[in-house]
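Visitor: I am new to this structure. Please show me how to read a few of its features.

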Amino acid sequence: MYKNKKIFKAKNLFSEFFELPKDIVLDLPRISIIGNLQFYVENHRGIIEYNDKVIRIGIRNGELVIEGSGLGIKNIHPHEILIEGTIENINFSQ
């Protein structure tokens, strides 16, 4: 979360008033999931940990933890990651 909650609230109101995407205005990750087979995240901050059971991805002020089996990174770009495998659990942590 933002260190200054007033700035976060102001940006949130700004995005709502002008109907702008919150992921861009608030610098949040955009996530798409297809069943439990594919996990796609945009606006990440890099891979923290990677093995076939756990993938930890840095995001603004925290991380995403994807747990499952046979996990693998199919594509990775500076702002996008596509993960495939059997996804069993997804957690946000700060």
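Visitor: Leaving aside neighbours within four places in sequence, which residues is Asp 23 in contact with?

Guide: Contact means heavy atoms within 4.5 Å. With neighbours within four places in sequence left aside, Asp 23 is in contact with Leu 28, Arg 30 and Asn 43. This is a predicted model, where local features need pLDDT of at least 70 and side-chain atom pairs count only at pLDDT 80 or more, while totals for chains, interfaces and linings use all residues. Residues are numbered from 1 along each chain as its sequence is written, and side-chain values use heavy atoms, with hydrogens and water left out.

Visitor: Is Asp 23 buried or exposed?

Guide: Buried means under 20% relative accessible area, exposed over 50%, and partly exposed in between (1.4 Å probe, protein chains only). Asp 23 has a relative accessible area of 17%, so Asp 23 is buried.

Visitor: How are aromatic rings described?

Guide: A pair is described by the distance of the centres and the angle of the planes. Rings of Phe, Tyr and Trp (its six-membered ring) pair if their centres lie within 6.5 Å; planes under 30 degrees apart count as stacked, over 60 as edge-to-face and the rest as tilted. The whole structure has 2 aromatic pairs. Phe 17 and Phe 18 form an edge-to-face pair, 4.9 Å centre to centre with 90° between the planes. Phe 14, Phe 17 and Phe 18 form one aromatic cluster.

Visitor: Is Phe 17 buried or exposed?

Guide: Phe 17 counts as exposed because its relative accessibility is 66%, and Phe 18, at 48%, counts as partly exposed.
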